[in-house]
Amino acid sequence: MATEIREFRQMIEAAQRYLAGGCSIQELNGRVAEAATASKFWGGHPALVQVASDWSTAVDRRWNEWGHVQNPLSENQFRSWLVQQLALLDPEA
């Protein structure tokens, strides 16, 4: 029986909506933060914690809200990365 952390499913769904134009980078950032918090709170597998960390870094590099990122991602780079991540995390995507 597989255990699913609801916040990870919501993160994946937000990523799918982002790619379809139905989700902002701000909303995606919030979903990623929720997944990161949940994975730590529930004592998630280290792989889940790493995925959440990687996603957080990528979203931050794309959003670059405060201009603090030295190597931001372009929209095309971010979308390509997101498609790759979804293929790994959600085989049904």
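Analyst: Two residues are in contact if they have heavy atoms within 4.5 Å of each other. The model is predicted, so local features need pLDDT of at least 70 and side-chain atom pairs need 80 or more, while totals for chains, interfaces and linings use all residues. Numbering starts from 1 along each chain as its sequence is written, and side-chain values use heavy atoms, without hydrogens or water.

User: Which residues does Ser39 touch by that rule?

Analyst: Leave out residues up to four places away in sequence. Ser39 then touches Ile5, Phe8, Gly44, Leu48, Val49 and Ala52. Ser39 itself sits in helix 2. A helix here is a DSSP run of H or I with at least four residues, numbered from the N terminus.

User: Why is Ser39 called buried?

Analyst: Buried means under 20% relative accessible area, exposed means over 50%, and partly exposed lies in between (1.4 Å probe, protein chains only). Ser39 has 1%, so it is buried.

User: What makes a polar contact for the side chain of Ser39?

Analyst: The pair must be N or O atoms within 3.5 Å, and within protein one must be able to donate a hydrogen and the other to accept it; residues adjacent in sequence count only if both atoms are side-chain atoms. A polar atom of the Ser39 side chain lies 2.9 Å from the backbone oxygen of Ala36.

User: Glu7 is in helix 1. Is it buried or exposed?

Analyst: Its relative accessibility is 16%, so Glu7 counts as buried. The side chain of Glu7 makes a polar contact of 3.4 Å with the side chain of Arg6. Neighbours within four places aside, Glu7 is in contact with Arg31, Glu34, Ala35 and Ala38.

User: What makes Gly43 exposed?

Analyst: Its relative accessible area is 57%, so Gly43 passes the mark for exposed. Gly43 is in the loop between helix 2 (25-41) and helix 3. Its C-alpha is 24 Å from that of Ala15, and the two residues are 28 apart in sequence.

User: How do you know that Arg62 is partly exposed?

Analyst: Arg62 has a relative accessible area of 26%, and therefore falls in the middle class. Arg62 belongs to helix 3. A polar contact of 2.8 Å joins its side chain to that of Glu75. Beyond four places in sequence, Arg62 touches Tyr18, Ile25, Leu73, Ser74, Glu75 and Phe78.

User: What stands out about the phi of Asn64?

Analyst: Most residues other than glycine have a negative phi. Asn64 is not a glycine, yet its phi is near 45 degrees, a positive value. Asn64 is in the loop between helix 3 and helix 4. At 17% relative accessibility, Asn64 counts as buried.

User: Why are helix 1 and helix 4 called oblique?

Analyst: Axes are lines fitted to C-alpha atoms, for helices over the stretch in contact, and angles run from 0 to 180 degrees between N-to-C directions. Under 35 degrees is roughly parallel, over 145 is roughly antiparallel, 65 to 115 is roughly perpendicular, and the rest is oblique. Helix 1 (residues 6-20) and helix 4 (residues 75-89) pack at about 140 degrees, with axes 10 Å apart. The pair is therefore oblique.

User: Which residues make the contact of helix 1 with helix 4?

Analyst: Helix 1 brings Ile12, Ala15, Gln16, Tyr18 and Leu19. Helix 4 brings Glu75, Phe78, Arg79, Leu82, Val83, Leu86 and Leu89. By class, there are 9 nonpolar, 1 polar and 2 charged residues. Ala, Val, Leu, Ile, Met, Phe, Trp, Tyr, Cys and Pro count as nonpolar, Asp, Glu, Lys and Arg as charged, and the others, Gly among them, as polar.

User: What is the angle between helix 3 and helix 4, and what is that called?

Analyst: Helix 3 (residues 46-63) crosses helix 4 at roughly 160 degrees, and the axes come within 10 Å. The two helices are therefore roughly antiparallel. Among the residues that meet are Trp55 and Arg62 in helix 3 and Glu75 and Phe78 in helix 4.

User: How do you know that helix 1 is roughly parallel to helix 3?

Analyst: The two pack at about 30 degrees, with axes 12 Å apart. That angle makes the pair roughly parallel. Phe8, Met11, Ala15 and Tyr18 in helix 1 meet Leu48, Val51, Ala52, Trp55 and Arg62 in helix 3. These residues divide into 8 nonpolar, no polar and 1 charged.
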